[in-house]
Amino acid sequence: MRRTMQAAICVIVVWVTMFELGGWAVYKGEAAVEATAVELTAAAPAAPITITHTEKQPLLAKPAAYESADDVEIEQAVGKQEPDVQTKQAAIASEPVVPAPTKPSGKTVYLTFDDGPSQHTEQVLDILQAEGIKATFFMLGEQVEQQPDIARRVLAEGHAIGNHSYNHKYEKLYGSFAVFAEQVMKADDAIFAATGVRTPLFRAPGGTYSNFDQGYFDAMAAAGYIVHDWNVDSGDSKRRGVPSSEIIATVKGSKLADSLNVLLHDGGGHEESVKALPAIIAYYKEKGYSFAPITTAVTPIHFSLAKKLKWSRPAVKESEKAALVLYAEQLSRDRMTLPQPVHAEPNLILHRGEEQLVLSPEEYSLSKGSIKVSLAKLTEWIGGTAELDPDSGVVEAYYNGERIYWLTDFALGGAKGRDEAAIVPVRSTLQKFGLAIESYVYNAERREIWVR
């Protein structure tokens, strides 16, 4: 009996070696298909901060009114002025994407969040982390001073940070450029104190339409700040308590383009924006978009200059412009760039019908072109079972009456527990259970597999 058992194990070892643990029969086919999906490009260095007032980019919707940080509703008369729709969209470089059901086409969404950080920012970050995507956060200086740990988390998880003024007070910001510049500098210093980085990205509270004149644009450009408006307005700040269903409907009703800058808010009182976020992400993924943070290489969207400002104020003085320029010049030019965060690997998400298996970066690996995961987690997800015999080091997996064997190094002390006992290639393991990979996306920002 003992000799029979030894012979059986030898057969299993030979079979597993050939077909699972690096053997040519399975690995050759899997690597040839999957290796094409894993050529990740290195992050491009930030472009030099030599800024001129760029052409205004096409708008997909008219600028709307927004509430201040004090939730004071401001009405903004847009009139019939239409933006210049003849200018070209910025060419956005994207990571190579393997075809998926969403038909990725290089189209890019820049999710942007204004008015934070707040308690809602952490909820937003959790969602972005689960989805494996990056975004941009335009922060208020006074909020950064109150929530420095959240600002640091934003940076650490690979998102971009932008300046959104110090306190969002419209009447102060747009009543005098001297006060506006002071708020820009104060917010810049607050962000640097919390995160150790300087950012040239800036978003005007309420947007630039009827708030900025040419003098504001010229002074900000001379100081090296890149001003960004948006071309998709989620409508989450047009009044208090906009429900998530309305936010989602507004986004879905907005026009599409190859490059979308989506305005959302993560400040206090915007819990409905958080609720709407997963559906917004799902919508753009379905439309074939990838997601990215704003960098200095992204051509900014500017609203057209209004024929009449909402504010009565004097023109920008050369001395006021010079003060902001001098402030920027005194900063280290090496620091006056976008943050270069430590790259955070995205989660791996497996889809099968309505079911999902979300694996953190620690729960999967890429080896010689094969995506590998825990056999126990994979088997349990599809509705099977996997049991380890610690004496023999053999794993028996069952699914729909099928039984498959794996020999692990558990018995030799090479694994610490059941989930670590068998790490297997996703594709060939699913094939053994009669399942197949329909399609997948694997790049620096997004890693998803669809199973049928």
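How many residues does helix 11 have, and how far does helix 11 reach from its first C-alpha to its last? The legends below begin with that helix and then turn to other parts of this predicted model.

**Figure 1. Overview of the chain in the predicted model.** The chain contains 14 helices and 18 strands. Of its 452 residues, 52% are buried. Among contacts between residues at least 6 apart in sequence, 75% join residues at least 24 apart.

**Figure 2. Helix 11 and its buried face.** Helix 11, residues 318-330, has 13 residues. From its first C-alpha to its last, helix 11 reaches 18 Å, close to the 18 Å expected at 1.5 Å a residue. Its buried residues are Glu-320, Leu-324, Val-325, Tyr-327 and Ala-328. Viewed down the axis of helix 11, these buried residues fall within an arc of 155°, so they line one face of the helix. The packing partners of the buried residues are helix 7 (177-195) and helix 8 (214-222). On the face turned away from the buried side, helix 11 carries the exposed residues Glu-318, Ser-319, Glu-329 and Gln-330.

**Figure 3. The crossing of helix 9 and helix 10.** Helix 9 spans residues 244-252 and helix 10 spans residues 271-286. Their axes come within 8 Å and cross at roughly 30°. The crossing in which helix 9 passes helix 10 is right-handed. Helix 9 contributes Ser-244, Ile-247, Ile-248, Val-251 and Lys-252 to the contact. From helix 10, the contact is made by Glu-272, Ser-273, Lys-275, Ala-276, Ala-279, Ile-280, Tyr-283 and Tyr-284. Sorted by class, the contact of helix 9 with helix 10 comprises eight nonpolar, two polar and three charged residues.

Figure 4. Tyr-216 counts as buried because its relative accessibility is 0%, the limit for a buried residue being under 20%. Leaving aside residues up to four places away in sequence, Tyr-216 touches Leu-173, Tyr-174, Ser-176, Phe-177, Phe-180, Arg-313 and Val-316. One of these, Val-316, lies 100 residues from Tyr-216 along the chain, yet the C-alpha atoms of Tyr-216 and Val-316 are separated by 7.0 Å.

**Figure 5. Leu-260 in strand 7.** Strand 7 comprises residues 259-265 and includes Leu-260. Leu-260 is buried, with a relative accessible area of 0%. Along the chain, Leu-260 and Tyr-289 are 29 residues apart; their C-alpha atoms are separated by 9.3 Å.

**Figure 6. The cis peptide bond between Gly-116 and Pro-117.** Most residues other than glycine have a negative phi, and most peptide bonds are trans. The bond that joins Gly-116 and Pro-117 is cis, with omega about 0°. Pro-117 is located in the loop between strand 1 (108-116) and helix 3 (119-131).

**Figure 7. Ser-165 and His-168, with positive phi.** Ser-165 belongs to the loop between strand 3 (160-163) and helix 6 (170-173). Phi of Ser-165 is near 80°, a positive value in a residue other than glycine. Ser-165 is buried, with a relative accessible area of 0%. His-168 is also found in the loop between strand 3 and helix 6. Although His-168 is not a glycine, its phi is positive, at about 70°. With a relative accessible area of 3%, His-168 is buried.

**Figure 8. Arg-446 in the loop between strand 17 and strand 18.** This loop lies between strand 17 (437-442) and strand 18 (447-451). Arg-446 is buried, and its relative accessible area is 6%. In sequence, Arg-446 and Glu-345 are 101 residues apart. In space, Arg-446 and Glu-345 are 9.0 Å apart, C-alpha to C-alpha.

Note on methods: Residues numbered from 1 in each chain as written. Predicted model: local features only at pLDDT ≥ 70, side-chain atom pairs only at ≥ 80, totals over all residues. Heavy atoms only, no water. Helix = DSSP H or I, 4+ residues; strand = E, 2+ residues; numbered from the N terminus. Expected span 1.5 Å × (residues − 1). Buried < 20%, exposed > 50% of the residue type's maximum accessible area, 1.4 Å probe, protein only. Arc of directions from axis to C-beta. Contact = heavy atoms within 4.5 Å. Axes fitted to C-alpha atoms, helices over the stretch in contact; angles between N-to-C directions. Left-handed = near helix turned anticlockwise from the far one by under 90°. Nonpolar A, V, L, I, M, F, W, Y, C, P; charged D, E, K, R; others polar.
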